[in-house]
Amino acid sequence: MDKRISVTELDIWQDCQVRWDLGHRRRLEPVEREEEEEESRLMFGSRMATYLEYALAGQDGMEAQVLKWGKLSVKALLKFVRSVESIPPWVLKASRPVAEDKLVQRYKDVTLVGKPDLWFVQSGEEGTEIRLVEFKTCGDYRPKAEEKLRAYEQWGAQVLRYAFLLRDAYPEFQYIPLYRQHILISSHGFTLEGGVIPVPEQQTDMIREETLRLAGQVGKEEPVHNYRHSYCPRFCPFSPVCLAGLTGGDPEDVISEGFQALTPQKPSATI
């Protein structure tokens, strides 16, 4: 039977097997107090992802995120609107944008699934090109956010995996130049645009080979609980578990007090 795995799950396995074990095998999520929920980084990211999904499709993103996640307080709403308004105008005006396009490709005994945030084909003076855009969110102020953006550009493998999936799903794109770009949206009302970086065909070939090798390892053996400091630990919802493991505490105590079984996702809003 083929193994079916998403690009997101594969990235988590490669980056941290603790996070994969807790989030994908044990299917745990943080327990958030009601008064903290609307201000949390995770909730900001969820709302922004919903807004972008609908706005890029030419629909009302603000209404969609309210229908899916509920109303915000006046203070939280003003912060969210400032962040939305900071998104570069060209993002929502891209030529023939394709958002959340589900790519499914079978390779021998592994089926890879990926949903790039945004990709589009555009023509200019230098010819036709493909742009893959990966949106990230954070709750940091500018210096820390700039550091995080550089880390995504240097170490983020997810968008590179989307690159080879896109080429494999659309054979007509094989010889069209492909570029990647990260855009980081902060809950403090600003957006950082990363560089437009070329992804040569040789690189996509190498990433494909490495990805399939890793996909064969996921879940095959017991995950290694190597508690460690991450390059962006505050972004990980399971960082308190690792902190307990690093400081002599009992990670299972943290899990029992601060996490619960993953609840089914709310149905998408109908606009």
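This is a predicted model: local features need pLDDT of at least 70, side-chain atom pairs count only at pLDDT 80 or more; totals for chains, interfaces and linings use all residues.
Good morning. I begin with a contact between a charge and a ring: the charged end of Arg 142 sits over the ring of Phe 190, at 4.4 Å from the ring centre.

As a general remark, nonpolar side chains in soluble globular proteins tend to be buried together.

I now come to the sheets. An open sheet of three strands has the order S1-S5-S4, and its pairing is mixed. Strand S1 (3-6) and S4 stand at the edges with a single partner strand each, so one side of each is left without a neighbour in the sheet. From one strand to the next, the twist averages 20 degrees. S4 and S5 pair in the antiparallel sense over five bridges, and Tyr 107 has Val 110 in S5 as its bridge partner.

Two helices deserve mention here. Helix H1 packs on the sheet, where it touches S1 and S5, and its direction makes about 80 degrees with that of S1. Helix H10 lies across S1, S4 and S5 and runs at about 115 degrees to S5.

Next, the strands around S7. Is S7 mostly covered or mostly exposed? It is mostly covered, with 10 of its 12 residues buried. S7 pairs with S6 in the antiparallel sense over seven bridges, and a hairpin joins S6 to S7 through two residues. Within that pairing, Trp 119 stands opposite Leu 132 in S7. S7 also pairs with strand S8 (residues 178-186), here in the parallel sense over nine bridges. Glu 134 stands opposite His 182 in S8.

The aromatic residues bring several of these elements together. The count comes to eight aromatic pairs. One of them is formed by Tyr 107 and Phe 164, an edge-to-face pair at 6.2 Å centre to centre with 70 degrees between the planes. This pair links distant parts of the chain, with Tyr 107 in strand S4 and Phe 164 in helix H9, 57 residues apart. Both Tyr 107 and Phe 164 are buried. Trp 119 and Phe 173 form another edge-to-face pair, at 5.6 Å centre to centre with 75 degrees between the planes. Here, too, distant parts of the chain are linked: Trp 119 belongs to strand S6 and Phe 173 to the loop between H9 and S8, 54 residues apart. Trp 119 and Phe 173 are both buried. With Tyr 170, these two residues form one aromatic cluster.

Which residues of H2 are buried? They are Val 18, Trp 20, Asp 21, Leu 22 and Gly 23. These buried residues pack against H1, S2, helix H11 (239-246) and helix H12 (251-258).

H2 is followed by Arg 27, whose phi is positive, near 50 degrees. Most residues other than glycine have a negative phi. Arg 27 is found in the loop between helix H2 (17-25) and strand S2 (28-30), and it is partly exposed, with a relative accessible area of 45%. Arg 96 likewise has a positive phi of about 50 degrees although it is not a glycine. Arg 96 is found in the loop between helix H7 (89-92) and strand S3 (98-99). It is exposed, with a relative accessible area of 63%.

Thank you for your attention.

How values were computed: Residues are numbered from 1 along each chain as its sequence is written. Side-chain values use heavy atoms; hydrogens and water are left out. Buried means under 20% relative accessible area, exposed over 50%, partly exposed in between (1.4 Å probe, protein chains only). Helices (H or I, at least four residues) and strands (E, at least two) are DSSP runs, numbered from the N terminus. Two strands pair if DSSP finds at least two bridges between them. Contact means heavy atoms within 4.5 Å. Axes are lines fitted to C-alpha atoms, for helices over the stretch in contact, and angles run from 0 to 180 degrees between N-to-C directions. Rings of Phe, Tyr and Trp (its six-membered ring) pair if their centres lie within 6.5 Å; planes under 30 degrees apart count as stacked, over 60 as edge-to-face and the rest as tilted. A charge sits over a ring if NZ of Lys or CZ of Arg is within 6 Å of the ring centre and within 35 degrees of the ring normal.
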